[in-house]
Structures are given as structure tokens and as C-alpha cells.
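Please read it alongside the sequence and model shown here.

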Amino acid sequence: MELLSGLLSSLGLSGAAGLNASIPLLLVGLLARFGVVDLAAPFDLLANPWVLLGIGVLGVLDFIGDKIPGVDHALHLVGGVVNAAAGAILFAAQTGVADVPPALSLALGFVVAGGVHATRAAVRPVAT
């Protein structure tokens, strides 16, 4: 049951990263910082105060840049890679998915977040 719970939380976090990379990364980093969530070995760096500050600054810059017409298109292009990478990191960071090989968990997170971002990018011209 713990494996299923970890897998579902990993899928949810990587899907959320497909929409916005900074918010799920910041949330998981803060939860790890305050001891609510345990992160796997290299991913516990998300709880570092400097990393949290950097993610927060990038999130604010993304929020502001999204309001400027030319900049928002560039942000969405770059976001295709950044959001997918954030999804891969968030998926692999979950300790409940320890039975899944790290390369597979990174790939799954990349595919989930990339798919969510691609769907958002496809719908974006219609919404605009």
C-alpha cells in the first residue's frame, strides 16, 4: 500500500510540475525542510535554504514574466524542458517509490510532466 501511495503522490507532483515547475518544487522543498516529507538522497538538496530561495525567486520572475506578452511565449517554450525536468526530479525524490529504479522514475516523471506541459501548450493558442 505504501508503494501505491508513493507512486500516486509522485504522479501527482510530476503532473503539477507540468503546469508550473516552481510551486511543486518549492512546496516539496519546504515540506522536507520542516520534516514533514523525507526525500531520497540527492534530492534532499531541495530542502536547502539557498535552493528554496532560488526556486522562489525563479517562481516570482516566472509569475511576472507571464504577464508580459513577448516574454510569456519564451517562458512557455523554455518551460517545456524546465517543467519536464522538475517533474522528473519530483517523481524520483519520493522515498516511497524506492522499489522503482532511479532511471525509470526520472523517465516517468519527465514523461508525465512533459505530457501535461505539452497538453497545456496545445490548448494555449485556443484559450488566448
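Helix 2 (residues 22-33) and helix 4 (residues 69-93) have axes that come within 9 Å and cross at roughly 25°. Axes here are lines fitted to C-alpha atoms, for helices over the stretch in contact, with angles from 0 to 180 degrees between N-to-C directions. Helices are DSSP runs (H or I, at least four residues), numbered from the N terminus. The model is predicted, so local features need pLDDT of at least 70 and side-chain atom pairs count only at pLDDT 80 or more, while totals for chains, interfaces and linings use all residues. Residues are numbered from 1 along each chain as its sequence is written, and side-chain values use heavy atoms, with hydrogens and water left out.

**Helix 2 and helix 4**

- The two helices are therefore roughly parallel to each other, a label given to angles under 35 degrees.
- Their crossing is left-handed (the near helix is turned anticlockwise from the far one by less than a right angle).
- On the helix 2 side, P24, L25 and V28 meet A86, I89 and L90 of helix 4, where contact means heavy atoms within 4.5 Å.
- By class, this contact has six nonpolar residues and no polar or charged ones; Ala, Val, Leu, Ile, Met, Phe, Trp, Tyr, Cys and Pro count as nonpolar.

**Largest nonpolar core**

- The largest nonpolar core has 15 residues, of which L25, V28, L39, L46, A86 and L90 touch the most other members.
- Such a core is a set of buried Ala, Val, Leu, Ile, Met, Phe, Trp, Tyr and Cys residues joined through side-chain atoms within 4.5 Å; buried means under 20% relative accessible area (1.4 Å probe, protein chains only).
- At least two residues of this core come from each of helix 1 (2-19), helix 2 and helix 4.
- Helix 4 gives the most, with four residues.
- Leaving aside residues up to four places away in sequence, A86 touches A17, A21 and L25.

**H76**

- H76 lies in helix 4 and is buried, with a relative accessible area of 15%.
- Its contacts, not counting residues up to four places away in sequence, are D66, H117, R120 and R124.

**Q94**

- Q94 sits in the loop between helix 4 and helix 5 (102-127).
- Q94 is also buried, with a relative accessible area of 12%.
- Beyond residues up to four places away in sequence, Q94 touches G6, S9, S10 and L13.
- Q94 and V28 are 66 residues apart along the chain, and 9.7 Å separates their C-alpha atoms.

How values were computed:
Angles under 35 degrees count as roughly parallel, over 145 as roughly antiparallel, 65 to 115 as roughly perpendicular and the rest as oblique. Buried means under 20% relative accessible area, exposed over 50%, partly exposed in between (1.4 Å probe, protein chains only).
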